[in-house]
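The exercises below concern one protein chain. Please study its sequence and its three-dimensional structure before reading the solutions.

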Amino acid sequence: MGVVSISMPDELEERIDTFADEHGYTGRSEVVREAVRNLMGEFEDKRLEDRELMAIVTVLFDYETTTVEEKMMHLRHDHESIVASNFHSHVGDRYCMELFVLEGRLDDISAFVGKVRATKDTLSVDYSVLPVDDINMFT
C-alpha cells in the first residue's frame, strides 16, 4: 500500500481523529481512505451515465472572503452551457449562499461540482443530482 502525505488545517486533523475514535476506525488513514472512495464514487453511478440530468448545487461562504463570490461568478460564466439558473442570498450576519441549478450530462456536472469544491474558503458545498426523465415518475 502506498503512502500519501497531505496537508490540512490542525482543526480538520483533530476532527478526523475524533471521528475515527467515535466511530471505531483504526485511525485517520482509514477515515481518509473511506472518504476518498466515497468522493470518487459519487459520480461513477452507472445509472446516471448518458442521461440528461439536473443538479442543485449550494455553496456557503463567509461574505468577507470576497474571492469566493468572484470565483463563483467566473464558474457560472465558464459553464454557462449547463447553468440554467443561479441565485445569491445572504444568510445570517456574515454568510452568503450561492445556489446553482444545472442541466447537462454527468461529466459536465461533475466537472462543475469539482471546481466548486476546489474553491478555497468555501464553508460548505452540497448538491443533488436527478435524471430529468425520472421526474415523470413523481407526477
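Two strands pair if DSSP finds at least two bridges between them. Helices (H or I, at least four residues) and strands (E, at least two) are DSSP runs, numbered from the N terminus. The model is predicted: local features need pLDDT of at least 70, side-chain atom pairs count only at pLDDT 80 or more, and totals for chains, interfaces and linings use all residues. Residues are numbered from 1 along each chain as its sequence is written, and side-chain values use heavy atoms, with hydrogens and water left out.

**Exercise 1.** State how many helices and strands the protein chain has, and give their order.

Solution. Step one is the count: the protein chain contains four helices and four strands. Step two is the order, which from the N terminus reads α-α-β-α-β-β-α-β.

**Exercise 2.** Determine how strand 2 and strand 3 are joined.

Solution. Strand 2 (residues 83-91) is antiparallel to strand 3, and eight bridges join the two. Within this pair, Asn86 stands opposite Phe100 of strand 3. The two strands form a hairpin with three residues between them. In the turn, Gly92 has a positive phi of about 65°.

**Exercise 3.** Identify the strands that pair with strand 1.

Solution. Consider strand 3 (residues 95-104) to begin with: ten bridges join it to strand 1 (residues 53-62), and the two run antiparallel.

**Exercise 4.** Is Leu39 buried, partly exposed or exposed?

Solution. Begin with the location: Leu39 belongs to helix 2 (residues 28-41). Then apply the cut-offs: buried means under 20% relative accessible area, exposed over 50%, and partly exposed in between (1.4 Å probe, protein chains only). The relative accessible area of Leu39 is 43%, so Leu39 is partly exposed. As for distance, Leu39 and Val4 are 35 residues apart in sequence and 17 Å apart in space, C-alpha to C-alpha.

**Exercise 5.** Describe the protein chain as a whole by its extent, burial and contacts.

Solution. Along the principal axes, the C-alpha atoms fill a box of roughly 45 × 40 × 30 Å. Of the 139 residues, 24% count as buried. For contacts (heavy atoms within 4.5 Å), consider those between residues at least 6 apart in sequence: 68% of them join residues at least 24 apart.
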